[in-house]
Amino acid sequence: MDTENENKEVQAVHERDLENLLNKLSLKDSFNAGVIKCKFCKNIITKENLYSLLSESGAVNFICDKPQCISNFMVHIENKKSGSTN
């Protein structure tokens, strides 16, 4: 058993709380106006296609639910963990 993964904390937001989170991040108006884009494919993020939010370097990036973007997101997270810059 991999004990490193046993006690990982997952931060999640229920879809009904998304608006409150966006408001706290001062991104509600931009999100509702269709200005926010996926970090990887640059498609506009909506409530229907939002997969994840990623906080890095003081910014909040959004990831859509396209399989390739989810894959890129997972690779990006693993690279950050390992210290890789790719």
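Two strands count as paired if DSSP finds at least two bridges between them. Keep that handy for this predicted model, where local features need pLDDT of at least 70, side-chain atom pairs count only at pLDDT 80 or more, and totals for chains, interfaces and linings use all residues. Residues are numbered from 1 along each chain as its sequence is written, and side-chain values use heavy atoms, with hydrogens and water left out.

**The overall layout**
- Of the chain's 86 residues, 22% are buried (buried is under 20% relative accessible area, exposed is over 50%, and partly exposed is in between, using a 1.4 Å probe and protein chains only).

**The strand pair**
- β1 and β2 (residues 59-64) pair in the antiparallel sense over 6 bridges.
- Across from Glu56 you'll find Ala59 in β2.
- This hairpin has 2 residues between its strands, and Ser57 takes a positive phi near 55° there.

**Getting to know Lys47**
- Look for Lys47 in the loop between α2 (28-32) and β1 (50-56).
- Lys47 is partly exposed, at a relative accessible area of 48%.
- Setting aside neighbours within four places in sequence, Lys47 is in contact with Leu18, Glu19 and Phe31 (contact means heavy atoms within 4.5 Å).
- Leu18 is 29 residues away from Lys47 along the chain, yet their C-alpha atoms are separated by 8.6 Å.

Terms used. Helix = DSSP H or I, 4+ residues; strand = E, 2+ residues; numbered from the N terminus.
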